[in-house]
Amino acid sequence: MKEHIQATTPDQRAMSKWDLFATWIGANANNGTWYIGGVIAAVGLIKASTLLVIVGSLSYILLALASYMGYKTGLPAMTLTRPSFGVRGSILPSLVNVIQFIGWAAINTFIAATSISFILKDILGWNNSAFHNQFSIIIGIVVMSILHLISISVGEKSVKWIERFGIILVIILVTWESVVVLKTVPFQEIIKWQPAAKFQLSSGKIVDILAAFNLAWVTAAADFSRFTKDKHAATTVSFFGANIGLFWFAFIGLIATIATAITINKFDPNNADPSTIAAKLGLGILAMLVIVITSTTANAVNLMAAGSAMTNIFHKLKLTPALWIVTLVATVMTFIPVYVASFLTTFETFLDGIGMFLGPEIAIFLVDFFFIKKKDYQVSELSKPQGKYWYTKGINLMAVITWAIGVLSYLGLNKIDFIVQTVGATFPAMIITAVLYYLVSARTKKINTI
């Protein structure tokens, strides 16, 4: 049966400015963002905060552009990679999206499961034996997975409502938590604190960590903006919502991690997760519940993005069944840190893995839409064999080869000490990919018109 692609209808464009604002705040007001803040504490408060603002702003300008693509076309994010990568070639970025957003869902679930573990041990009086620690984490994973299945039960409508409800609780409870942290340790001490030399990271490494975290949302922006009829909501509101969530939660994670290091006179990046920090600062069960709530709101967005990408791979699969599948797979993946290495090791390996692919991919599909195709994608051609976006057996080899060169340039740049110490490899690799794809595509387009 021939695949039929339909853009969002006017009746389906029911997301208001507030809905998109809440969605993107909720996407970043979560455990993973807190944990990122704790990891970048390895350069101290001032430098970490500065890099946070710079990288966040750059990344979410790209998010606003990708969000505009969804608003303009009414198409899901990975469907929008078909004109650049080809009808079949778009399966490659779709696979990256499925893997990365299932991974983010698993990471948030594990952090929230750790909070549930603390709650269970507090209520039931369990000790810190290896058995009780592991058993309580497993219970936490199961509980969180059930909450996530409920949050995505009826597709984009349930995601919208969970964000509306969750963001209000997040704002109230995390404001309280922020006050407690700042009362525990004077802010002047937090500003002065610096980690021991063995824990310090270079500026370039911090940029790459933040870029891998932020750019993930760029590849999902259209999945939400296609449901709004407001251009301002799709672009400006999405930009500010994502940045507010990022700055707020990463900053809380940053100062909470430093406050914990000052309180116990020891900095350990493995203690950067919010559950451990809340426990060490004595913030109690209410703080743990905040972490559980933020995981649910953030993972509604993660799972929506993963499910949407899966429907671009398996054309006959509907969105809601896809959401159930990715949630169950994420549950299985959440058990990896329980049995393999430390959570920090798992987290950093995950970031390194996705970071090298995301930047070049984003550079290609943004350049293609705005500069090569001049914002004119033909929906009727998106699933047509031998059509405009079929290229070579359904794959745009120029895009795939350029993507591979972008990934290799990322790996090569990471070998240059100056890059590692300063700007990181992600954005230079994106620039190289964007320029190369534009030059090759523009030349090919010129030849074809002669």
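The expected span of a helix is 1.5 Å times one less than its number of residues. Helices here are DSSP runs of H or I, at least four residues long, numbered from the N terminus. Helix α14, residues 319-334, has 16 residues and should therefore span 22 Å; its end C-alpha atoms are 22 Å apart, which agrees.

This is a predicted model, in which local features need pLDDT of at least 70, side-chain atom pairs count only at pLDDT 80 or more, and totals for chains, interfaces and linings use all residues. Residues are numbered from 1 along each chain as its sequence is written, and side-chain values use heavy atoms, with hydrogens and water left out.

Stay with α14 for a moment. Its buried residues (under 20% relative accessible area, 1.4 Å probe, protein chains only) are L319, A322, L323, V326, T327, A330, T331 and T334. A322 and V326 are also touched by M310.

M310 is found in helix α13, residues 284-313. Its relative accessibility is 11%, so M310 counts as buried. Contact means heavy atoms within 4.5 Å. Leaving out residues up to four places away in sequence, M310 touches V98, L317, A322, I325 and V326.

Now turn to helix α11, residues 231-264. Axes are lines fitted to C-alpha atoms, for helices over the stretch in contact, and angles run from 0 to 180 degrees between N-to-C directions. Helix α2, residues 31-39, has an axis that comes within 7 Å of the α11 axis, and the two cross at roughly 50°. Angles under 35 degrees count as roughly parallel, over 145 as roughly antiparallel, 65 to 115 as roughly perpendicular and the rest as oblique. So α2 and α11 are oblique to each other. In this contact, α2 supplies T33, W34, G37 and G38, which meet α11 residues including G245, F249 and G253. The contact residues divide into 7 nonpolar, 6 polar and no charged. Ala, Val, Leu, Ile, Met, Phe, Trp, Tyr, Cys and Pro count as nonpolar, Asp, Glu, Lys and Arg as charged, and the others, Gly among them, as polar.

Helix α3, residues 45-73, also packs on α11, at about 155° with the axes 8 Å apart. That makes α3 roughly antiparallel to α11. Residues of this contact divide into 20 nonpolar, 7 polar and 1 charged.

At 4% relative accessibility, T402 counts as buried.

Conventions
Buried means under 20% relative accessible area, exposed over 50%, partly exposed in between (1.4 Å probe, protein chains only).
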